[in-house]
Amino acid sequence: MSSKDQSVVSKEALMSTKSGKQIIKQGLFKSKGFKLFNQYKEEAESEFPKFAQRFTDDLLREIKNDSSPESTQKVFAQEVGSEELTLEGSQIPAIKSKLENPEILKDRVLRILNSNFVKMTLPVFCALYDAGAEYTHTKSAQMRQDLVDGHIIAIDLSEPMDRIMDKDEDLDYLDDYKLMNPYILKLARDKIARGGEEVLREFEEGFREARLGQYIDTKLKSTPTKITEEQMNQCYKKYRAVMGTAGRNMVLSKNPLGEIFYLGMARAAEGVGCGNEIEDSIKNKFIKVPSWPLYYSLLTNDVRKGFEYTMKKSELYLSDARLALELLPKEFSHKEFLEFLFLTVEHYNQYWYNQLDKANLWSEFSAKLPR
């Protein structure tokens, strides 16, 4: 696994969960799933600096060539439905001038790329593209790079947007991110569009759904005690739409494989979302709002049960993801890769759930529950 927090994938951490022990066992016996997973992980780590440089160079070109950055900011604000994510006109010249320095821009790009979401999905998209291209006999090195780069850049857009809205990290760089946001989206669109009209149409629909999920997420922060299951399902569109759509587009939106990839990636992403809510709650020392742990804690008036049911919810998501694997064609080349991938998701969730007792934050969680 690739992660910002390498403690999650240390030998000690892997030995602490049932799925982690299976990962170690597969590593010892060099299973096909382990070898494929390791192959793509190593490729991603090797290619990541080149991707970051391409991203920076393309972004620099877009920023420098924009003769009307104020209009660009306004159009982006209208599209995402929030002026909080953009700059006021008077701020633009100074920020634009600063970011036209390649070293400064590279620093900002590397900051937003330092994300679990990006690090964990880059090797997955490469594997999905290869699997789909092999099945449909449409392999193209340039198409692979364009589609993978485009969807990783689109996923990465969520990082500066979240940091601007949450104001919980990189406070000195938020204005820089505001200027960068529209150009990041344009780069993603341009690259994804090279896959054809249907691929771009799928991306646009996924982006719209993800923004809707994020909007509901933000709205629920003001009414945490009134969260319903349907609202949580709507909120989780931010995971489902992003990863599911990327999965579908790695096979150029061709069914049945496109739909199977969508199902597997969407459900796996929702499963990871549960683990992420547990991790964030431990690190922040309060239950994330909104989240499944909060939803179940409020229903049961018991924070321990809230997290216990969140784990059960994550297992349901992962069960659906594994069901998608059963739909794959016979002799599918990367099935073992996906089985191993879902095993790493299961370990990630189990690891953070196990950390709850060690953290012993139950009374603190209870005291900070919304009333």
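Thr310 has its place in helix H16, where helices are DSSP runs of H or I with at least four residues, numbered from the N terminus. The structure is a predicted model, in which local features need pLDDT of at least 70, side-chain atom pairs count only at pLDDT 80 or more, and totals for chains, interfaces and linings use all residues. Residues are numbered from 1 along each chain as its sequence is written, and side-chain values use heavy atoms, with hydrogens and water left out.

Thr310 counts as buried because its relative accessibility is 0%; buried means under 20% relative accessible area, exposed over 50%, and partly exposed in between, with a 1.4 Å probe and protein chains only. Setting aside residues up to four places away in sequence, Thr310 touches Cys274, Ile278, Trp292, Pro293 and Tyr296, where contact means heavy atoms within 4.5 Å.

The helix around this residue can be described next. H16 has 24 residues and spans 35 Å from first to last C-alpha, close to the 34 Å expected, a figure found as 1.5 Å times one less than the number of residues. At its N-terminal end, H16 is capped by Asp302, with a side-chain oxygen 3.0 Å from the backbone nitrogen of Arg304. Besides Thr310, the buried residues of H16 include Gly306, Phe307, Lys313, Ser314 and Tyr317. An α-helix has 3.6 residues a turn, so residues three or four places apart point the same way. The buried residues of H16 pack against helices H12, H14, H15, H17 and H18.

Asn233 is partly exposed, with a relative accessible area of 22%. Beyond its neighbours within four places in sequence, Asn233 is in contact with Arg240, Trp292, Lys313 and Tyr317. The C-alpha atoms of Asn233 and Glu270 are 9.6 Å apart, although 37 residues separate the two along the chain.

The structure holds 1 cavity of 30 Å³ or more, a cavity being a set of points on a 1 Å grid over the protein atoms alone where a 1.4 Å probe fits but cannot get out. The largest cavity holds about 50 Å³ of space, a volume being the space filled by probe spheres set on the points, which are joined across faces, edges and corners. H14, H16 and H17 each supply at least two lining residues, and H14 gives the largest share, with 4. The lining divides into 9 nonpolar residues, 1 polar and no charged. Here Ala, Val, Leu, Ile, Met, Phe, Trp, Tyr, Cys and Pro count as nonpolar, Asp, Glu, Lys and Arg as charged, and the others, Gly among them, as polar.

Methods: 1 Å grid on protein atoms, 1.4 Å probe; cavity = no way out; pocket = protein on both sides within 12 Å on 5 of 7 lines; lining within 4 Å. Polar contact = N/O pair within 3.5 Å; in protein donor to acceptor, adjacent residues only side chain to side chain.
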